[in-house]
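Reader: Please show me the chain. I want to ask what the labels rest on.

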Amino acid sequence: MSTSEKKNGRILAIAVMFCVYAMIAFVTNLAAPIGTIWGFKFAGNSTLGMMGNMMNFLAYLFMGIPAGNMLVKIGYKKTALWAMGVGFAGLLVQWLSSIVGADTVIGSVGESHVTLNFLIYLLGAFICGFCVCMLNTVCCPMLNLLGGGGKTGNQLLQSGGALNSLAGTLTPLFVGAMIGQLTTKTQMGDVAPLLWVAMGVFAVAFVVVSLTAIPEPSGSTKGPKAKFSHSPWNFRHTVLGVIAIFFYVGIEIGIPGTLNFYLADQSATGAGVIGAASTIAGAIVAIYWLLMLVGRTLSGFISGSVSTRTQITTVAATGIILVVLAILIPKEKGVAVPSIVYDPVENTVSVLETAGVYTGDIEKFIETRDITSLAPYAKTIHNEVQLTPGDILTNLSTTPRVPVSALLLILCGLCTSCMWGGIFNLAVEGLGKYTAQASGIFMMMVVGGGVMPLVQSWIAGEAGYMASYWLIVAMLAYILFYGVAGYKNVNTDIPVAEEEATDPRSL
């Protein structure tokens, strides 16, 4: 094989891994915004609303180690293909929850009935968790090794993470736009088109990956296997990195997930956002993921010259400052929502159409701002959208505001942007032949993205949304410790050479 062919093969492999990285975020980020539908159904219970997210990440606990073993036994390409097939199935099951079981009550939580379609949705989210776990297990070590480890390995991880963040930005924005104003009629069927698009993407990606030559950094899957006298658990910096990953994913998901519920909650405990709070929340949270895109793009440029350790310590310290300020600033301190994010007139028209108000009466109300024109529809409006004509007038006449705290929290997207790739890069440095196994362990610990946001939601229910962010501060403090001291490899005496391995940069 000529040098140019090897280079083109490596570039194509990198491009495929980048696309897979984007798919991971798309599937993962469906859970939290879709959770607002179930949270509303269960009388504003944000903990139940986050159960889909929990199931998605719980799958990592069961699939992390097996996924790492799959890399060793069947290779990166076949593992990725299996993951895409599983992802298609998980999305299909989630879609089935929009057409099956909505009228079948199987229990109750408080005063809310739990229906069969909710369990079907949770099953679909759990299956999708297996998919993204396997995809993450493939992408992270592959990009790190294609870059040669160290600074350049981190550079590829951050560049791939930029596409991951782009998909993460668009997903809650799309879901929020499809949901609009949460009403008694809001159902999973409202986001079904997005699930179909995702299934189509997985089908196309399956074909593309099956036709692409993916290098196998761990050596041929057909020849004799390398012998392992130790395991990744014997490396202190890897073990501490595993804990850091557990906390990091809890931070990454917990900050925007809880913020989404906080902004969408129009009760006294919420942010007090006037208007289509779910739409506004989706748009604001999307900025968090957009900033992660910006941060990862910048990190991709500077990682060749700025050490991973420096990046980790800087963003962890900055994140702590931002979150503490967000907790301390009262929610009454707010800023106006730009019209590009929320238009009161368009929202009013949408709400009244949902309530069945005739077009002529809607136009009259918009023009005159006289609520007497809505009097005949008062009962219907209340039943459908839980608002009074007076509320509708207030929403139309008032520019909605969001707390300054929300802006500080979305700025944390710049901080969390480079943590995943940075922690992984530091934790697998010097592992050699144990890298694939370590990747599986890391994927297992991504369950933190389900466990810690659920704990945060429980704290939010007991002590308030903003008080729950002290948990985020504590986890950021641990990551700061890891960047300062925990990253050091003190087990350099363990042999890690793998004679069968092939340098992916030579492919």
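**Helix packing and burial**

Author: The buried residues of helix 14 pack against helix 11, helix 12 and helix 13 (378-385). The model is a predicted one.

Reader: Which residues of helix 14 are the buried ones?

Author: Helix 14 spans residues 389-397, and its buried residues are Pro389, Ile392, Asn395 and Leu396. Each counts as buried because its relative accessible area is under 20%.

Reader: What puts them on the same side of helix 14?

Author: The arc. They cover only 120° around the axis, so they lie on the same side of helix 14. An α-helix has 3.6 residues a turn, so residues three or four places apart point the same way.

Reader: How are helix 11 and helix 12 packed?

Author: Helix 11 (residues 344-354) and helix 12 (residues 359-368) pack at about 145°, and their axes are 10 Å apart. The crossing is right-handed.

Reader: Which residues meet there?

Author: From helix 11 come Val345, Thr348, Val349, Leu352 and Glu353. From helix 12 come Ile362, Phe365 and Ile366. By class, this contact holds 6 nonpolar residues, 1 polar and 1 charged. Glu353 is charged because Glu is in the charged class.

Reader: Why is Arg369 called partly exposed?

Author: Its relative accessibility is 36%. Buried needs under 20% and exposed needs over 50%, so Arg369 counts as partly exposed. Arg369 sits in the loop between helix 12 and helix 13. Its phi is near 55°, a positive value in a residue other than glycine.

Reader: Why is Met419 called buried?

Author: Met419 has 0% relative accessibility. The cut-off is under 20%, so Met419 counts as buried. Met419 belongs to helix 16 (residues 419-427).

Reader: What is Met419 in contact with, leaving aside neighbours within four places in sequence?

Author: Its contacts are Tyr248, Ile312, Val315, Ala316, Leu476 and Ile479.

Reader: How many of the residues score at least 70 in pLDDT?

Author: 84% of them do, and the chain averages 79. Over residues 500-507 the pLDDT is below 50. That stretch has 19 contacts in the model beyond near neighbours in sequence. Where pLDDT is low, the predicted coordinates should not be read in detail.

Definitions and conventions: Residues numbered from 1 in each chain as written. Predicted model: local features only at pLDDT ≥ 70, side-chain atom pairs only at ≥ 80, totals over all residues. Heavy atoms only, no water. Axes fitted to C-alpha atoms, helices over the stretch in contact; angles between N-to-C directions. Helix = DSSP H or I, 4+ residues; strand = E, 2+ residues; numbered from the N terminus. Left-handed = near helix turned anticlockwise from the far one by under 90°. Contact = heavy atoms within 4.5 Å. Buried < 20%, exposed > 50% of the residue type's maximum accessible area, 1.4 Å probe, protein only. Arc of directions from axis to C-beta. pLDDT = per-residue confidence, 0-100.
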